[in-house]
Amino acid sequence: MATRVGIVGGGVYGLSIAYYLSEFGDAELELTVFERGALASETTGYSAGIVRHHYTNRVQIETAIRGRELLEGFESVAGGDGGFRQNGYLVLTDADGVDEFRALVDRQRRAGLEVDLVEPTDLESSLPGIDSRGVALGAYEPRAGFADPYLVATDYATGARENGVEIRTGTAVTDLITDGTAVTAIETSAGREPVDVAVNAAGPWGREIASMAGVDVPLEWHESKVAVLRGDEPYGVETPTLSDHSESPDMYLKPEPGGDVLVGGIDRPPVDRAAGLQGVDESFLRAVGDRLESRLPAFADAAVVDSWSGVISVTPDSHQIVGVPTGVDNLYNALGGSGHGFKEAPAFGESNALAILGEDPRIDLEAYRFERFADGNTLSGVSEKSYGGNE
């Protein structure tokens, strides 16, 4: 069994893997996390933190369920709750999607999810003030919720440290040293560290880290934009998160502690790495206002109290890439959240740790392997609009 594990990346994926390895491994396991900046300061810190299960293929539904289950019991990690709140999740479709929407809900139920169909006339009872015009059907998940991604990541870090994991912030990884078939050491700004297993959980920079070992990871950058609004009446923390796919562009709303509401999903353009992020501009805010005017008019003129954008790393099928690629025996990758990775991170952290230790994972990691792109077994159906896809 591996005794020295080096983890590249101090976001929620790297830190959850570190924590579960420290929980499941024995006393001989030496774990080190390398983060070039501060913990959870990149993709994790910009996540909206929504915890839901409305996906169209079985493996992702089951992964999201396991992620939520771990967040429900999160106090066992470091005594904190990670900001997790179960406010429910309401998703809407138009008339064109009704048949596939019903089939999807049946599939979710078979995967073990508690979910109810909601007729347009009943939407007001779930979300006061909603305008149901254009909505043909909704689905409500009572056990869905939201969490604070920064708190979840840093609580994992606290729990890992308590278990003896060394976490080195301000330590950039500059190279992976290989012997042709395996990574033998991680070169950092502070020196070289021998390893038996290297874990690449570097988020948007996972492609660069993998390339140090001669592995080509297909990751593209997209920009996720959000605005935080404050209306005359609060959007309470018990108000369901809303995902509206009944008209274009798609939109989601999530409560923020204190009564504000976070709005996003409207614009996720590709990023030119040389040019960097565009940021939140007037056109985005106008689009937010237009969508709110037609769906939740009480917030159409709400004040913008905060806004930001961040990078999401997207794979060719918008699903994570997990596992060891052909040709490098011990480079374990956990990459490509594709804009929905936070809610699934605890499940991936737990199962990746078990797999690294040679034990059976709790979720189907095989479905997320590198080779799926070459053998034609890609995962479909990430988007709620893509009804159908894999059983």
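# Exercises on helix packing and backbone geometry

The axes of helix α1 (residues 12-24) and helix α7 (residues 149-162) come within 8 Å of each other and cross at roughly 30 degrees. The model is predicted: local features need pLDDT of at least 70, side-chain atom pairs count only at pLDDT 80 or more, and totals for chains, interfaces and linings use all residues. Residues are numbered from 1 along each chain as its sequence is written, and side-chain values use heavy atoms, with hydrogens and water left out.

**Exercise 1.** Describe how α1 and α7 are arranged and which residues meet.

*Solution.* Step 1: Two packed helices are described by the angle between their axes and the distance between the axes. Axes are lines fitted to C-alpha atoms, for helices over the stretch in contact, and angles run from 0 to 180 degrees between N-to-C directions. Helices (H or I, at least four residues) and strands (E, at least two) are DSSP runs, numbered from the N terminus.

Step 1: The crossing angle is roughly 30 degrees. Angles under 35 degrees count as roughly parallel, and α1 and α7 are therefore roughly parallel to each other.

Step 2: Contact means heavy atoms within 4.5 Å. Residues of α1 including Val 12, Leu 15 and Tyr 19 meet residues of α7, among them Val 152, Tyr 156 and Ala 160. By class, this contact of α1 with α7 has 10 nonpolar residues (Ala, Val, Leu, Ile, Met, Phe, Trp, Tyr, Cys and Pro), three polar and no charged ones (Asp, Glu, Lys and Arg); the others, Gly among them, count as polar.

**Exercise 2.** Where are Ala 40 and Ser 338 found, and are they buried or exposed?

*Solution.* Step 1: Ala 40 is in the loop between β2 (30-34) and α2 (43-46). Its phi is positive, about 55 degrees, although Ala 40 is not a glycine. Ala 40 is buried, with a relative accessible area of 5%.

Step 1: Ser 338 is in the loop between β19 and α10, and its phi is near 60 degrees. Ser 338 is buried, with a relative accessible area of 9%.

How values were computed
Angles under 35 degrees count as roughly parallel, over 145 as roughly antiparallel, 65 to 115 as roughly perpendicular and the rest as oblique. Buried means under 20% relative accessible area, exposed over 50%, partly exposed in between (1.4 Å probe, protein chains only).
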